[in-house]
Amino acid sequence: MSAPADVARLTREITSGLKPGDLEDFYTDLHRHPELSFQEHRTAAKLAQRLRRAGYEVTEGVARTGVVGVLANGDGPVVWLRGDMDALPVREATGLAYASTVDGLMHACGHDLHVTWLAAAAEVLAAARETWSGTLVVVGQPAEEAEGGAAAMVADGVHVRFPRPDVLFGQHAAPGLAGFYPHTPGLTLSASDDVDVVVHGVGGHGSRPESTVDPVVTAAYIVTRLQTVVAREVAASESAVLTVGRFHAGTKPNIIPAEARLALNVRTQDTRVRERVLTAIRRIVEGECAAAGCPVPPEVTVHPGYPNTVNDPALDGEIAAVHRELFGDHTVFDFGQAMGSEDFSLLAPPGVPYDYWYVTSTPAAVWEAAPGQELREKFEGVPGNHSPLFAPDLSVLVPGVRTLVSAALSRLAG
């Protein structure tokens with residue numbers, strides 16, 4: 001690795017020609033045209049076009065809508081830069097001039113920023129290839145939003161069809177006053193599992209509930225009882241989140257349905273806690289259904305999702321040092337372990353180190369208007385990822401390119 005000060009200096013030099021207007025045009029275009037997981041055809045095409053123009057060998061259609069660009073530039077390490085591309089089924093409420101033009105869809109998690117940063121970083125590094133040596137692989141990943149995009153890319157041979165990485169880098173837009181670049185060595189994001197529950201009752205007329213076994217009531221008891229899992233079965237020193245995100249039953253007010261369906265999400269940071277929570281879910285669901293006299297046992301299906309994201313501590317320390325040199329000591333701090341989840345780590349083959357950091361993006365005016373005085377109070381008072389009001393400040397466009405460029409140069413330069 002080159003010295004952090006040298007990497008920062010080189011990064012400033014080769015990014016001095018970045019045009020904020022071009023970045024803004026590209027970003028706002030992506031924001032206006034959000035696409036759901038595995039449907040990112042337009043977004044992927046835009047990214048592929050810029051990579052080809054910059055001289056990359058580009059492969060489209062990896063895991064359906066993924067994009068991989070490869071730039072071989074002599075001997076040296078293989079560095080992967082990753083950005084995710086999908087949007088969310090959220091109706092935008094920002095009122096921005098460049099708000100989503102697709103009703104009910106929005107880039108509410110900043111993936112439009114991620115693609116913009118990725119494309120621009122790839123272009124900058126290609127234009128300055130005389131300053132580094134090695135191979136740069138740019139990965140536009142589909143379907144990060146709980147749809148298994150990284151796993152799909154691995155299943156489609158991304159580790160064997162393209163140069164195997166020596167190191168993998170990624171970043172994410174986050175709430176917080178724009179202008180900071182949090183790093184967390186070791187565990188930074190939690191594991192995530194989805195659980196589907198089907199409660200089987202006996203349907204009938206709403207006027208004769210005594211002739212039925214109402215799955216709505218049973219499912220409601222399940223939802224209520226599940227709230228005790230974290231509160232009473234997970235130690236205060238441990239971390240877990242259990243969310244019931246969907247409750248579906250019935251078709252009309254006067255019909256008692258024959259079944260009810262729940263969709264749960266579980267976030268944990270320890271495998272023992274994970275097993276304890278999943279066991280408790282099964283016990284509660286089966287117990288409530290037995291108590292209600294359901295004619296058929298319930299169905300509980302666990303869909304393993306994302307593993308923990310665990311940054312290589314040494315690598316994270318090195319990249320954090322580069323970012324301190326680039327932006328100032330005060331801009332980099334330990335964000336701590338979060339209960340959010342990512343599939344980024346699946347793109348790293350076993351034994352390959354990776355680093356994943358954040359770029360805070362809340363406009364100063366929004367941050368100042370948020371209630372409270374302490375950092376935690378402010379943080380909780382501004383729109384976060386997945387909010388219909390999530391609107392990153394455009395001032396983060398250039399810095400977000402520099403964070404990726406500097407990370408790549410830390411391995412490729414010198």
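Select Tyr-356 and Tyr-358: both are buried, which means under 20% relative accessible area, while exposed means over 50% and partly exposed is in between (1.4 Å probe, protein chains only). Before you click on, note that this is a predicted model, where local features need pLDDT of at least 70, side-chain atom pairs count only at pLDDT 80 or more, and totals for chains, interfaces and linings use all residues. Residues are numbered from 1 along each chain as its sequence is written, and side-chain values use heavy atoms, leaving out hydrogens and water.

**Zoom out**

Show the whole chain as a cartoon. You'll find twelve helices and 14 strands; these are DSSP runs numbered from the N terminus, with helices being H or I of at least four residues and strands E of at least two. The radius of gyration is 23 Å, close to the 22 Å from the globule rule for 414 residues, so the chain is as compact as a globular protein of that length. (That radius is taken over C-alpha atoms, and the rule is 2.2 Å times the number of residues to the power 0.38.) Along its principal axes, the C-alpha trace spans about 80 × 50 × 45 Å. Of the 414 residues, 53% count as buried.

How many aromatic pairs does a search of the whole structure find? It finds nine. Rings of Phe, Tyr and Trp (its six-membered ring) pair if their centres lie within 6.5 Å; planes under 30 degrees apart are stacked, over 60 edge-to-face, and the rest tilted.

Pick Phe-344 and Tyr-356 now. This pair is tilted, at 5.0 Å centre to centre with 40 degrees between the planes. Phe-344 sits in the loop between helix 9 (313-327) and strand 14 (354-362), and Tyr-356 in strand 14, so the pair ties together parts that are twelve residues apart in sequence. Phe-344 is buried, as is Tyr-356. To see the whole cluster, select Phe-335, Phe-344, Tyr-354, Tyr-356, Tyr-358 and Phe-379.

**Charges over rings**

Hop over to Phe-38. The charged end of Arg-64 sits over this ring, 4.1 Å from its centre; to count, NZ of Lys or CZ of Arg must be within 6 Å of the ring centre and within 35 degrees of the ring normal. Arg-50 does likewise over the face of Phe-26, at 4.5 Å from the ring centre.

Stay with Arg-64, in the loop between strand 1 and strand 2. Its phi is near 80 degrees, a positive value in a residue other than glycine. Ala-63 is also in the loop between strand 1 (57-62) and strand 2 (66-73), and it has a positive phi of about 55 degrees although it isn't a glycine. Buried or exposed: which is Ala-63, and which is Arg-64? Ala-63 is buried at 6% relative accessibility, whereas Arg-64 is exposed at 58%.

**Last stops**

Colour helix 4 (residues 111-127). Its 17 residues reach 24 Å from first C-alpha to last, close to the 24 Å expected at 1.5 Å a residue, an expected span that is 1.5 Å times one less than the number of residues. This helix is mostly covered, with 16 of its 17 residues buried.

Finish at Val-266, in strand 11 (residues 259-268). Val-266 is buried, at 0% relative accessibility. Asp-194 is 72 residues from Val-266 in sequence, yet 6.3 Å away in space, C-alpha to C-alpha.
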